[in-house]
Amino acid sequence: MFGQTTTTTPPPTERGLEDLDAAALAYAARIAGLPPERRGEAREDLVRFALPFAGRLARRYRGRGEPLEDLEQVARLGLVNAVDRYDPERGSFTAYAAITIVGEIKRHFRDRTWGVHVPRRLRDLILEVGQATSALTSELSRAPSVAELAARLETPEEEILAALESAAGYSPASLNAPVGGESSAEFGDLVGESDNALESVDDRVTVSGLLHRLPWRERRILAMRFYGNQTQAEIAARFGISQMHVSRLLSRALTWLRQAMLADTPPPWCNGTAEADTGRNRIAVKRTAERTVVEVGGEIDRDGADQLRRMMLEAVAGQPRELVVDLDGAGGVDAGGIAALVAGRDAALRTGVPLRLTRVQPAVRRSLAAAGLPATVDA
């Protein structure tokens, strides 16, 4: 009827909080003596009644980089925990719920909102640095320096710098963030660039394996030319050969590498001389009444080192008046060849057989000198 006034009692969620403690006490009295399975309805009533209180606490922390909806969910979780742990004998429910809810929100900020993992010690220091920065900015009317922050917090400058750098990990920029305007470009499009060397990885790995199949001298010349950036004239002077010879060796090695890369099975190496038919090295022994001569030709690498060692030891065992190792035809001797010569030298010293290395090429002579093996250039 007209003229009548209807009074509507506001629902529990719209009431003030002055009777929140009374509601909690009523809840405690209501569930007293009830089994756990029958306490659910009373629990839901108290939680629903206190939801506005949790919402107000959550709104205190908005504007800190987290959506308000997420903060409200965290606050409600804290409220549920407060209701489940409430004991009326310990005091006010309002105070206990506030502490529990705020603690849950702070824990959320501490553990769930960082874009990257930062140690807790640094996270705490970041908060202190932020507070000190605000205080010093007000006092100095400018941004404080690292030294001033360190003095205020009584912390080493290195830790202040670490905290400032780590603060950037709280909310890292998304690679999918739009650049701006109406452009469809994303931030990730501006970061990094195409690695042009990525396509050549297979070729580099293949060439690395093929280089070990080349003779020592060719490997060394390629390394000096393309890795050491030396001229052909410098390489020629190093090996004691002509520049034209270096050019031919480079051309032959590069041609073989090109063919080997295009073939399923690398072709055998051919150095263009007569000994190519019998391998990359030639080792022969000639004996006379006066001396035993071990003639070495080609490249003495790991494939020929065992043969050279065996022939020198056999020659020493024959007790010749003199053992001569003729290295006139040796274009290169690698570490395996040097080790074989050292083994022959040691065997000759033990048996008292004189040993002489003769007609050594300049490039080989330097390697022998480094190993402590004397050499001559006479015939």
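A salt bridge here is a side-chain nitrogen of Lys or Arg within 4 Å of a carboxyl oxygen of Asp or Glu. With that in hand, here are some notes on the model, which is predicted.

1. **Salt bridges overall.** The structure holds 13 salt bridges. Side chains of opposite charge can pair when their charged atoms come close. A few of these pairs are worth a look in your viewer, and they are taken up in the points below.

2. **The overall picture.** The protein has 379 residues, and 33% of them count as buried. Its secondary structure comes to 14 helices and four strands. For contacts between residues at least 6 apart in sequence, 58% join residues at least 24 apart.

3. **D84 with R43.** Which residue does the side chain of D84 meet in a salt bridge? The partner is R43, with an N to O distance of 2.6 Å. The pair links distant parts of the chain, since D84 sits in helix α3 (residues 68-85) and R43 in helix α2 (residues 40-59), 41 residues apart. D84 counts as partly exposed because its relative accessibility is 45%, between the 20% and 50% cut-offs. R43, at 29% relative accessibility, is partly exposed too.

4. **The helices behind that pair.** Two packed helices are described by the angle between their axes and the distance between the axes. For α2 and α3, the axes come within 8 Å and cross at roughly 135 degrees. The two helices are therefore oblique to each other. Their crossing is right-handed.

5. **What lines the α2 and α3 contact.** On the α2 side the contact includes R43, L46, V47, A50 and L51. On the α3 side, L68, L71, E72, A75 and L79 are among the residues that take part, and so is D84. By class, the contact has twelve nonpolar, no polar and five charged residues. R43 and D84, the salt-bridge partners of point 3, both belong to this contact.

6. **Elsewhere on α3.** N81 is also found in helix α3. Is N81 buried or exposed? At 17% relative accessibility, N81 counts as buried. Leaving aside residues up to four places away in sequence, N81 touches T100 and E104. R85 is another residue of helix α3, and at 52% relative accessibility R85 counts as exposed. R85 and A97 are twelve residues apart in sequence, with their C-alpha atoms 9.6 Å apart in space.

7. **R90 with D87.** R90 forms a salt bridge with D87, and the closest N and O atoms are 3.9 Å apart. That distance is within the 4 Å cut-off. R90 is exposed, with a relative accessible area of 74%, whereas D87 is partly exposed at 29%.

8. **A salt-bridge network.** R30, E41, D45 and R48 are joined in a network of salt bridges.

9. **D326 with R359.** D326 forms a salt bridge with R359, where the closest N and O atoms are 2.6 Å apart. This pair also links distant parts of the chain: D326 lies in strand β3 (residues 323-333), while R359 lies in the loop between β4 (355-358) and α14 (362-370), 33 residues away. D326 is buried, with a relative accessible area of 10%, and R359 is partly exposed at 32%.

10. **Positive phi values.** Phi of R359 is near 50 degrees, a positive value in a residue other than glycine. S141 has a positive phi as well, near 60 degrees, and is likewise not a glycine. S141 sits in the loop between α5 (120-140) and α6, and at 68% relative accessibility S141 counts as exposed.

11. **α6 against α7.** How do α6 and α7 cross? The axes of helix α6 (residues 146-153) and helix α7 (residues 157-166) come within 9 Å and cross at roughly 110 degrees. That makes α6 roughly perpendicular to α7. From α6, the residues V146, A147, L149, A150 and L153 meet E157, I160, L161 and L164 of α7. The residues of this contact divide into eight nonpolar, no polar and one charged.

Key: Residues numbered from 1 in each chain as written. Predicted model: local features only at pLDDT ≥ 70, side-chain atom pairs only at ≥ 80, totals over all residues. Heavy atoms only, no water. Axes fitted to C-alpha atoms, helices over the stretch in contact; angles between N-to-C directions. Parallel < 35°, antiparallel > 145°, perpendicular 65-115°, else oblique. Contact = heavy atoms within 4.5 Å. Nonpolar A, V, L, I, M, F, W, Y, C, P; charged D, E, K, R; others polar. Buried < 20%, exposed > 50% of the residue type's maximum accessible area, 1.4 Å probe, protein only. Left-handed = near helix turned anticlockwise from the far one by under 90°.
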